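I opened the model to look up a few local features and wrote down what I found. The entries follow in the order I made them.

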Amino acid sequence: MADTAQLSALEAFLHGHPSIKYTPPSSPEYASARKVWNRARLDNPLAVVQPQSPSDIIAIIKFAKSNSVPFTFRSGGHNLEGRAVVEKALLIDLRALNAVTIASDRKTCTVQGGILQEELASKLWEEGLGTPTGAIPGVGYIGWATYGGYGPFSSQWGLGTDQILGATIIDPDGEIITADETLLQGIRGAGGLFGVIVDLTIKVYPLPSLLAGTILYDSTDITKTFVDFNGAYQNIFNSEGFPPQLTIQQMAVNAPPGRCFGVGFVWSGSDIDEGQRWSAKVAGLAPLLMNTVAVTTIPEWFASNGTMIPADISGSSATHNISRIPLPVAETIGRNLERMPIDPGTMFSIHQLRGPSVAPQGHSSVFATREPHYMLEFLAYVTKEGRKEESEEWAVQMAREIEQADPGNVLPAVYLSLYSSARAKSSDEVLKKAYGSNVEVVRGLKSKFDPDNVFRLTVPAME
Ligand SMILES: Cc1cc2nc3c(=O)[nH]c(=O)nc-3n(C[C@H](O)[C@H](O)[C@H](O)COP(=O)(O)OP(=O)(O)OC[C@H]3O[C@@H](n4cnc5c(N)ncnc54)[C@H](O)[C@@H]3O)c2cc1C
């Protein structure tokens with residue numbers, strides 16, 4: 001069907017489903033309705049529809065399938081490549097589905113498929129509860145959790161994907177089903193590959209208090225600061241170790257005073273005095289510039305993190321999982337931070353996988369990299385047009401030099417959410433890189449649950 005014929009068919013269908021919000025290309029709201037975080041994604045969807053209920057989604061999937069209309073989903077719109085919009089595909093915006101229902105035993109909650117991580121965390125906080133999320137408010141929870149979900153609570157409670165106990169999905173036939181354990185294994189790591197996730201049931205934990213903030217170090221000599229910090233960090237890690245309640249995310253940003261190395265500090269334990277002791281200790285790992293760590297609330301903490309990230313950018317990312325940060329690797333990273341292009345969108349960050357994320361108990365997933373490691377994020381994004389290539393070249397070269405500095409240190413599998421599929425030769429290569437030894441499990445689950453590849457434009461793409 002040509003575009004106009006598809007649009008006419010869509011409009012006839014929507015006539016019978018007035019609850020579904022519709023934004024056609026002719027609407028003045030179309031430009032904002034198609035928006036995703038990565039504005040380099042220039043694709044124009046057929047139209048944008050916003051279902052208000054699971055039955056609206058069922059109707060849309062049945063319509064799209066029977067009319068051969070390709071479609072995508074968007075929750076938070078923060079896929080790093082902007083993959084939620086595809087040229088001429090119907091964009092299904094799930095944001096209206098954002099309810100949270102806490103179980104009476106307060107050990108689990110059910111979250112709808114379009115919720116943002118800040119909305120979820122703030123609703124739980126009102127009840128004295130928490131669950132792993134990332135730190136940036138606008139990122140969709142389902143997109144964050146189902147593909148892995150590294151974040152500041154994972155040292156204590158595990159990755160986002162390891163919180164998933166149940167799921168309701170709409171399958172390729174437009175039927176609503178409760179995921180069995182086989183399908184859940186796939187959802188834990190491959191997210192929307194098998195259907196629309198209407199809701200997830202996840203673990204929640206008591207979270208009565210929060211001590212968090214940013215520690216920035218004097219970065220006049222950023223190589224030395226980075227090397228000294230990592231030397232001292234490794235000494236603590238290898239001797240007494242870091243408590244599970246503490247997560248430290250290393251980062252280099254272009255702050256108002258200039259290029260700067262620091263850490264995001266989150267203490268999710270109830271012993272605030274002990275958390276303060278760790279804050280002082282971490283602040284002492286390199287010459288201090290600024291320490292904002294304080295008792296805070298989840299909404300305040302998210303709001304403050306949100307100010308550090310530009311509202312939209314263009315560019316791409318690269319990533320490595322590495323086993324260790326020995327001196328030659330630290331020196332290589334430090335030297336590359338010295339030449340990090342100056343744009344608020346260009347950043348570098350390190351998440352550490354340790355604690356319960358290494359060996360989750362009681363359920364299976366297709367998430368590939370379970371050995372202890374550091375997940376490196378090379379964020380080659382820019383706010384100003386015309387500087388994208390410089391940042392992307394910086395990220396690719398830095399990734400290459402890290403590999404050369406310590407061959408054997410780079411693990412074979414990568415984190416899908418940070419991986420640039422545009423640089424891969426095929427979707428098959430992306431799958432192999434993302435799922436490593438689990439790739440055949442992913443393929444088997446896809447053949448079982450979506451044999452006709454109805455959900456072919458979701459993340460990850462599968463030919
Ligand atoms: C600023 C920023 C910070 C980030 N920080 C972290 C971090 O700290 N840790 C980390 O692990 N990752 C992080 N990420 C990566 C992020 O978790 C992923 O890109 C995530 O998939 C984004 O989800 P979204 O809903 O916002 O994206 P969208 O672009 O809306 O969705 C991406 C894809 O997810 C799938 N999807 C989403 N919801 C559903 C659903 N309900 N059913 C079926 N499929 C669905 C669809 O295929 C969709 O196309 C960050 C990304 C950004 C841009």
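I looked up serine 268 and found it in the loop between β14 (258-267) and α9 (272-283). Helices here are DSSP runs of H or I with at least four residues, strands are DSSP runs of E with at least two, and both are numbered from the N terminus. The model is predicted, so I noted the limits: local features need pLDDT of at least 70, side-chain atom pairs count only at pLDDT 80 or more, and totals for chains, interfaces and linings use all residues. Residues are numbered from 1 along each chain as its sequence is written, and side-chain values use heavy atoms, with hydrogens and water left out.

Is serine 268 buried or exposed? I read a relative accessible area of 4% for serine 268, which makes it buried (under 20% is buried, over 50% exposed, partly exposed in between; 1.4 Å probe, protein chains only).

I then listed what serine 268 touches, leaving out residues up to four places away in sequence: Phe153, Gln156, Leu207, Ser209 and Gln245. Contact means heavy atoms within 4.5 Å. With glutamine 156, the side chain of serine 268 makes a polar contact of 2.5 Å. A polar contact is a pair of N or O atoms within 3.5 Å; within protein, one must be able to donate a hydrogen and the other to accept it, and residues adjacent in sequence count only if both atoms are side-chain atoms.

**Cysteines**

How many disulfides are there? I got 0 disulfides, taking a disulfide as a pair of cysteine sulfur atoms within 2.5 Å. Cysteine 109 is buried at 0% relative accessible area, and cysteine 260 is buried at 3%.

**Strands around β6**

I traced β5 (residues 100-102) to β6 (residues 108-112): they run antiparallel, joined by 3 bridges. Two strands pair if DSSP finds at least two bridges between them. Threonine 101 has threonine 110 of β6 as its bridge partner. The hairpin has 5 residues between the strands, and arginine 106 takes a positive phi near 60° there. β6 also pairs with β10 (residues 196-203), antiparallel, over 5 bridges; glutamine 112 is partnered with aspartate 199 in β10.

**Strands around β4**

β4 (residues 90-93) runs parallel to β3 (residues 71-74), with 4 bridges, and parallel to β2 (residues 48-50), with 2 bridges. Phenylalanine 71 stands opposite leucine 90, and valine 48 has leucine 91 as its bridge partner. Side chains in a regular strand alternate between the two faces of the sheet. In β4 both faces are covered, with Leu90 and Ile92 buried on one side and Leu91 and Asp93 buried on the other.
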